[in-house]
Amino acid sequence: MNQRINAAFASYLIRPDETARLSAYELGRQALEAGTGLMDWVGTVHSAIADRFRHAESPAECARIAVAAEGFLLECLSAYEMTFQGAREANDALRRQNDLLESETRRIAHEIHDTAGQILVSVYVELQQLGAAKPADAGPYLARVTTLLDEIQAHLRRFAHELRPTMLDDLGLMPALEALGQSVSSRSGIAVSIEGSTEGRLAPAVEIALYRTVQEALTNTTKHSGAARAEVSVERQRGEVRCTVTDDGVGFAPATSHNHGLGLIGLRERLASLGGSVRWGSIPGVGGAVLAVTIPVEASHAASSPNS
Ligand SMILES: Nc1ncnc2c1ncn2[C@@H]1O[C@H](COP(=O)(O)OP(=O)(O)OP(=O)(O)O)[C@@H](O)[C@H]1O
Ligand SMILES: [Mg+2]
């Protein structure tokens, strides 16, 4: 590659026309395709340019090399720039997609909460009337039906709140996680503890991403781990918020090709759109699973009211 770069810069110096520009661009594209990192690539181009300076025979030639170097470098980097822009656009699209998903989730949650709630109220009323007109031995059956309806109502309420936790909007991440932990705990029997603080409110997109992270991690703990305990911890330091979910279950099995779950992959994509990252694995020496998420929270990310 070094020889090709030297030759391309030599042609560019002689005549910086479309052909010379195209071959500089093409070298950059090939370097990118070969997986060369940006730093390494700039280093390679820089040494080709520096080489020409070393062999320059007059100040006038130095000046000519300096002028040509700028255009040549820009051409060599333009494939990287296009990839960078593409990644940024993909991230923006992903973020918009997540926003859309959240607003749809909010609509479904309200639908369950309000519509299903209203229907249940009507059933209760009908049952009361039936109770008044009941044959003598229908009493115990009616009581059982009422108990079942109470259960359905409680489940639907909890489900609607988990789907779109209004607590998250109103009170912030930690109270919403507390409620989620209790809900998972009462459903699964796993003891869930929530610790730490966000040191004030975070941007809504960051709060909902962290909430969805813990929701997926605890669902996984319930489904896959056989754990008795799970621990969620949140901390904010040096411009980032970090959230860790651990459990004392069987831990992650070695990777297999049969694993087609979407939960962790979805999390990775959601976090990438916020500049964050997620890692998971078994806890060395102890067993159990750990999932750790980090999201940058620059000043512009943070919301104002410090009540979480
Ligand atoms: N806490 C855990 N303990 C043990 N194994 C886990 C744990 N969390 C995830 N895994 C393993 O990692 C796999 C991938 O998890 P992921 O959430 O992506 O998929 P899933 O839960 O199987 O399906 P989905 O989330 O799409 O409903 C799981 O199938 C499971 O084998
Ligand atoms: Mg899952």
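This is a predicted model: local features need pLDDT of at least 70, side-chain atom pairs count only at pLDDT 80 or more; totals for chains, interfaces and linings use all residues.

Trainee: Where does the chain divide into domain 1 and domain 2?

Mentor: Domain 1 covers residues 1–164 and domain 2 covers residues 167–308, and their centres, taken over C-alpha atoms, are separated by 20 Å.

Trainee: How is the size of an interface often given?

Mentor: It is often expressed as the accessible area that is lost when the parts come together. Here about 1100 Å² is buried between domain 1 and domain 2, with carbon and sulfur atoms giving 34% of that area. In terms of residues, twelve from domain 1 are in contact with 14 from domain 2.

Trainee: How many salt bridges and polar contacts are there between domain 1 and domain 2?

Mentor: Four salt bridges are found across this interface, and five residue pairs are in polar contact between the two domains. On the side of domain 1 that touches domain 2, the elements giving two or more residues are helix H4 (59–132) and helix H5 (139–163), and H4 supplies the largest share, seven residues. That side of domain 1 is made up of six charged, four polar and two nonpolar residues.

Trainee: Which residues are linked in a network of salt bridges?

Mentor: The network links Glu 102, Arg 106, Arg 164, Asp 169, Arg 212 and Arg 270. Within it, Glu 102 pairs with Arg 212, and their closest N and O atoms lie 2.9 Å apart.

Trainee: How many salt bridges does the structure hold, and which residues does Arg 29 meet in this way?

Mentor: The structure holds twelve salt bridges. Arg 29 forms one with Glu 26, at 2.7 Å between the closest N and O atoms, and another with Glu 33, at 2.9 Å from N to O.

Trainee: What separates Arg 29 from Glu 26 and from Glu 33 along helix H2?

Mentor: Arg 29 and Glu 26 are three residues apart in helix H2 (residues 18–33), so about one helical turn separates them; Arg 29 and Glu 33 are four residues apart in helix H2, which also means about one helical turn. Arg 29 is partly exposed at 28% relative accessibility, and Glu 26 is partly exposed at 27%, whereas Glu 33 is exposed at 63%.

Trainee: Which residue forms a salt bridge with Arg 54?

Mentor: The partner of Arg 54 is Asp 51, with the closest N and O atoms 3.4 Å apart. Because the two residues are three apart in helix H3 (residues 38–54), they are separated by about one helical turn. Arg 54 is exposed at 59% relative accessibility, while Asp 51 is partly exposed at 24%.

Note on methods:
Residues are numbered from 1 along each chain as its sequence is written. Chains are lettered from A and ligands numbered from 1 in the order in which they are written. Side-chain values use heavy atoms; hydrogens and water are left out. Domain bounds come from an automatic or database domain assignment. Contact means heavy atoms within 4.5 Å. Buried area is the accessible area (1.4 Å probe) that two parts lose on being put together, summed over both. A salt bridge is a side-chain nitrogen of Lys or Arg within 4 Å of a carboxyl oxygen of Asp or Glu. A polar contact is a pair of N or O atoms within 3.5 Å; within protein, one must be able to donate a hydrogen and the other to accept it, and residues adjacent in sequence count only if both atoms are side-chain atoms. Ala, Val, Leu, Ile, Met, Phe, Trp, Tyr, Cys and Pro count as nonpolar, Asp, Glu, Lys and Arg as charged, and the others, Gly among them, as polar. Buried means under 20% relative accessible area, exposed over 50%, partly exposed in between (1.4 Å probe, protein chains only).
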